[in-house]
Every structure is written in structure tokens, then in C-alpha cells.
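Here are my notes for your first read of this model. Keep the structure open and check each point as you go.

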Amino acid sequence: MLRKIPGLPDRIAGFDAVGRISADDYAATVEPLLAEAEGEGRRLRILLRMGPEYEGFTAGAVWGKAEAWMRHPRLWRSIEGYALVSDIRWVDEFAHLASFLVSFPMRVFGEDGFDEAVSWLEALPHTAGTTHDEGAAPAAAP
């Protein structure tokens, strides 16, 4: 499941990944958040914490996420920054590769770097304009 992290600054949407993440988890938490931001013409700063309780994700979750990004390519421009908090090795490797494909800053912090991740997201410069007035989105999803 994706559990919302309370107490974060308004511009930051944070989630704890707990157990195995399914397509329903993604659809119930992330998709509405992105759709709301797109509808309001604002950008999000997202924090995802993947700690020891994280067990992975289902194939349906991967497909659901990819399908949502393909159906709504403007969602790419809804993200102003993405912080991953995890000590899982493949997360850092994945983020390094994905950072070449996305149009927003992405950074990985160790589990002890939660506060640093929040500070980094807060310090990102505000991107001018709205999500509706920019160019084409990248071809692949993070």
C-alpha cells in the first residue's frame, strides 16, 4: 500500500511504500493527486519512502502506472521534483537511469536522509507557468 506521510509542507506529497504495491494502490493515491494538480495547473514535489516494510510492486502496478502516463502525458509536467528515500540498492540504480528520461529533478536519499529529502524538495526553484503551457513530454515513464 501507499500510505500518505502526514505533516509535510503543503507543496510536498509524501508516501510510505508498505508491503507490495498494487495497481489499485497507485490508482487510489497517486493518480488522483496528479489529476488534481493537472486540473489546477500546479506542480507537485513528491517524496516516496521505501523502507524495510516495502516488499516490491506487482506487474499490474507497473502496467497501471505506465498506462496512466501514456493516457495523460501532461502528467509529466505536473512534477516539479521527486525524492526517493531508501537504502535499497536497486532504487538508487533505477533513479540514476530514470533521471535521464524525466524532465524533473530526481534524487535518492538514504533512510536516514528523510529530513534532507524534504529540505531538498522545499529548496527546488518554483517552475514558472502552468502544466498546460509547456512542450512535449518525454517518451518513457519513471
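1. Start with a term. A salt bridge is a side-chain nitrogen of Lys or Arg within 4 Å of a carboxyl oxygen of Asp or Glu. Now look at D25. D25 is buried, yet has no salt bridge. The nearest side chain of opposite charge is R20, and R20 is 9.3 Å away. D25 sits in helix α1, which spans residues 23-40. Leaving out residues up to four places away in sequence, D25 touches M1, L2, R20 and V30.

2. Step back to the whole chain. This is a predicted model. The protein chain has 4 helices and 7 strands. From the N terminus on, the order is β-β-β-α-β-β-α-β-α-β-α. Of its 142 residues, 44% count as buried. Take the contacts between residues at least 6 apart in sequence: 76% of them join residues at least 24 apart. The chain exposes about 7700 Å², and carbon and sulfur atoms supply 57% of that area.

3. Next, the inside. In soluble globular proteins, nonpolar side chains tend to be buried together. Here the largest nonpolar core has 24 residues, and L48, L84 and M106 touch the most other members. At least two core residues come from each of β2 (12-17), α1, β4 (44-50), β6 (79-86) and α3 (89-98). Helix α1 gives the largest share, 5 residues. Another core lies apart from this one, with 13 residues, including L47, V85, F114 and L124.

4. Which residues form a nonpolar patch on the surface? They are F57, W90 and F94, with about 300 Å² of accessible area together. W90 belongs to helix α3. W90 counts as partly exposed because its relative accessibility is 39%.

5. Now the charged pairs. Side chains of opposite charge can pair when their charged atoms come close. A search of the whole structure finds 8 salt bridges. One of them joins E80 and R45, with the closest N and O atoms 2.8 Å apart. E80 is in strand β6 and R45 in strand β4, so this pair ties together parts 35 residues apart in sequence. Buried or exposed? E80 is buried, at 3% relative accessible area. R45 is buried too, at 4%. R11 joins R45 and E80 in a network of salt bridges.

6. R89 and E93 meet in a salt bridge, 2.9 Å from N to O. Both lie in helix α3, 4 residues apart, which is about one turn of the helix. R89 is exposed, with a relative accessible area of 66%. E93 counts as partly exposed, at 40%.

7. One further pair deserves a look. The side chains of E116 and R107 form a salt bridge of 3.2 Å, N to O. E116 is partly exposed, at 44% relative accessibility. R107 is partly exposed as well, at 34%.

8. Last, find S78. S78 lies in the loop between α2 (59-71) and β6. At 0% relative accessibility, S78 counts as buried. Now find A35. S78 and A35 are 43 residues apart along the chain, and 8.7 Å separates their C-alpha atoms.

Definitions and conventions:
Residues numbered from 1 in each chain as written. Predicted model: local features only at pLDDT ≥ 70, side-chain atom pairs only at ≥ 80, totals over all residues. Heavy atoms only, no water. Buried < 20%, exposed > 50% of the residue type's maximum accessible area, 1.4 Å probe, protein only. Lys, Arg positive; Asp, Glu negative; His and termini not counted. Contact = heavy atoms within 4.5 Å. Core = buried A, V, L, I, M, F, W, Y, C linked by side-chain atoms within 4.5 Å. Patch = residues over 30% accessible without salt bridge, like charges linked within 9 Å, V, L, I, M, F, W, Y side chains within 5 Å. Areas by Shrake-Rupley, 256 points an atom, 1.4 Å probe, with all protein chains shown as cover.
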